[in-house]
Amino acid sequence: MKTMTTAFEASQFAVQVEESYPFAEHIVHVEHSTTAPCSLVTWQFPNHQFVQLLFYTPNYAEIFTASPALVLPDEGDDGCFYTQGEIQLYLSRIKSHES
């Protein structure tokens, strides 16, 4: 995992912004960077799994925080996703993960 040193500013987000991320109903927080063009999105699923992805574009994201047990081998060492489909698949695996 990478350690993020960029400053973030918490902000309320509009419904239309929330709906642009997968599994929007499980998003607990969105932070927009004050120094870089990215957003940190936090989900907490009913199975109590917690994950944060750092979005640079709607199609490109990196794992920011996740349980090591949830970083799957097919994500590779850098934890990067290059399509919305990859992001959706990763989050669906976390959502259905047995604790």
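User: What does the accessible surface of the protein chain come to?

Analyst: Carbon and sulfur atoms hold 54% of that surface. Accessible areas here come from the Shrake-Rupley method with a 1.4 Å probe, and for residues only the protein chains shown count as cover. The accessible surface of the chain is about 5,700 Å².

Before we go on: this is a predicted model, where local features need pLDDT of at least 70, side-chain atom pairs count only at pLDDT 80 or more, and totals for chains, interfaces and linings use all residues. Residues are numbered from 1 along each chain as its sequence is written, and side-chain values use heavy atoms, leaving out hydrogens and water.

User: In what order do the elements run from the N terminus?

Analyst: The chain has 2 helices and 6 strands. Those are DSSP runs numbered from the N terminus: helices are H or I with at least four residues, strands are E with at least two. The order is β-α-β-β-β-β-β-α.

User: Is Glu31 buried or exposed?

Analyst: Glu31 sits in strand E2, residues 27-33. Buried means under 20% relative accessible area, exposed over 50%, and partly exposed in between (1.4 Å probe, protein chains only). Glu31 has a relative accessible area of 18%, so it counts as buried.

User: How far apart in space are Ile27 and Gln44?

Analyst: Ile27 lies in strand E2 too, and it is buried because its relative accessibility is 10%. In sequence, Ile27 and Gln44 are 17 residues apart. In space, C-alpha to C-alpha, the distance is 6.5 Å.
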